[in-house]
Amino acid sequence: MKPIAFDYHRPQTVPEALALISDLREEAALLAGGMTLGPMLNMRLVRPRAVVDISRMQALQSISVKGDVVVTGAGVVQRDAMRSDIINRELPLLSMALPWVGHFQTRNRGTLGGSVAHADPSAEIPLCLSICGGTVVLQSRRRERRVSAADFFLGALATARRSDEIITTLEWPRTPPGTGCAFAEIAQRRGDFAIAAAACHVRLQQDGCLAALSLGVGGVENRPVVIAVDGFCGRAPEHVGSDLAEHVCANVTAMNDHAAGAEFRLALTKVLVAQVFDEAVAKAKQHEVRPQ
Amino acid sequence: MTTVHHVADERVAIALTLNGQRRTGQAEPRMLLSDFLRHELQAFGVHVGCEHGVCGACTVLIDGRAVRSCTQYAVQAEGADIVTVEGLAEGDALNTVQRAFAKQQALQCGFCTAGILCSVMQFLKEVPTPTEAQVRDMLSGHLCRCTGYASIVTAILEAASDIRRGL
């Protein structure tokens, strides 16, 4: 359980890091928190010639609001994100999902950008970024590129990042006022990989019917999936939960792996979708009655 | 902070603070922090279990945060302030958390204990009045194959209460 021998670089700035990886390309591994790269190196699932450590880069660690978007540096540590006033106020879904990411001990090091770059199918942060309609900002030596979450996650551990690019920031549209959010997952034990996870954003019209709905599942397919659910808008939420769960299950192809068979995964998905939808609707209703 | 380049297989000097003392050892880039602490700095209280970040036995405090030392590399820890289980006692006396573990028999073989104690130090600082559910959530990052966790949960809740009462 020791990694192969690698060169170690700890550049001070993003341009320095970009210069290094534009030469090294696939031979370099970018090290942020190391909560997934570390195990993969130790088990020799990755065998890079060089490790480029970006964990100390201050430039990647800010959280700010720019217009309608919350911008989080890729190097923001998950534990710090959990304690960020901006994230707790503007991105309630992410705020609810973060306690599900790994363990207390791994959130002390693991980063938002690291989780997105690794793209585990069951990971919570990529699912939230997808539901929010967020964007991954990638920087190479030559240019900056912005890729929507929908286009970024290509499959299990596969993303649109090119080998000469670093994820510098994630952009999260601010959650509109009145939105109810909910997140839930089921794993074999607390902190383990989700067998299935579901997340939901809901807004209600004046008459209590659905004004906007966005819903996605993680751990079910090989990447986070946002389900097309616009057809449910305009309906009264009281009568939607089970239809919605059926709809989602009819529109995903569940994975079959060591943790669960496809049929079991679908059964969990059905329960989780109904649960997050009901919870999100209840929260959206609370917003309505909240005094101005 | 300066830019650092170390060549594979080349041992370089790594200086850090270990349990309040300035220490230096030699490490090649691929050397795990857990191995560095044990083999170079003789901090044998760092227990090595799975070496891929699952079991939590090697957890140490790095700049006040509980982190698995097997998924960090020694070269990353240059300049860090590290506390291992050896640094928890107050002089010759066990600290409040350690006393609660002894009293509640929160260990049998003791292999997981060193890591758990380090996690608890940060946890109780941040959550001084934890619920049992919060304790169990934090403990999910550690594997114990002896106790069934019940006595560990009891000890942590007792330690929290002792610390609040200034014991």
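Reader: Which residue in E1(B) is the bridge partner of Arg10(A)?
Author: That's Val4(B). Quick background: this is a predicted model, where local features need pLDDT of at least 70, side-chain atom pairs count only at pLDDT 80 or more, and totals for chains, interfaces and linings use all residues. Residues are numbered from 1 along each chain as its sequence is written, chains are lettered from A and ligands numbered from 1 in the order in which they are written, and side-chain values use heavy atoms, with hydrogens and water left out.

Reader: How do you know that strand E1 (residues 7–10) of chain A and E1(B) pair?
Author: Two strands pair if DSSP finds at least two bridges between them. Here 3 bridges join E1(A) to E1(B), and the two run antiparallel. Strands, by the way, are DSSP runs of E with at least two residues, while helices are runs of H or I with at least four, numbered from the N terminus.

Reader: What makes E2(A) and E1(B) edge strands?
Author: The open sheet has the order E2(A)-E3(A)-E1(A)-E1(B), with mixed pairing. Strand E2 (28–31) of chain A and strand E1 (4–6) of chain B each have a single partner strand, so one side of each has no neighbour in the sheet.

Reader: Why is Arg79(A) called buried?
Author: Buried means under 20% relative accessible area, exposed means over 50%, and partly exposed is in between (1.4 Å probe, protein chains only). Arg79(A) has 16%, so it counts as buried. Among the residues it touches are Arg107(A), Arg65(B) and Glu126(B); contact means heavy atoms within 4.5 Å.

Reader: Why is H3(B) called oblique to H4(B)?
Author: Helix H3 (residues 113–126) and helix H4 (residues 132–139) of chain B pack at about 130°, with axes 11 Å apart. Angles run from 0 to 180 degrees between N-to-C directions, with axes fitted to C-alpha atoms, for helices over the stretch in contact. Under 35 degrees is roughly parallel, over 145 roughly antiparallel, 65 to 115 roughly perpendicular, and the rest oblique. That makes H3(B) oblique to H4(B).

Reader: Which residues of H3(B) and H4(B) make the contact?
Author: Ile116(B), Ser119(B), Val120(B) and Phe123(B) come from H3(B), and Gln134(B), Val135(B), Met138(B) and Leu139(B) from H4(B).

Reader: How many of them are nonpolar, polar or charged?
Author: The contact has 6 nonpolar, 2 polar and no charged residues. Ala, Val, Leu, Ile, Met, Phe, Trp, Tyr, Cys and Pro count as nonpolar, Asp, Glu, Lys and Arg as charged, and the others, Gly among them, as polar.

Conventions
Lists of a residue's contacts leave out its neighbours within four places in sequence.
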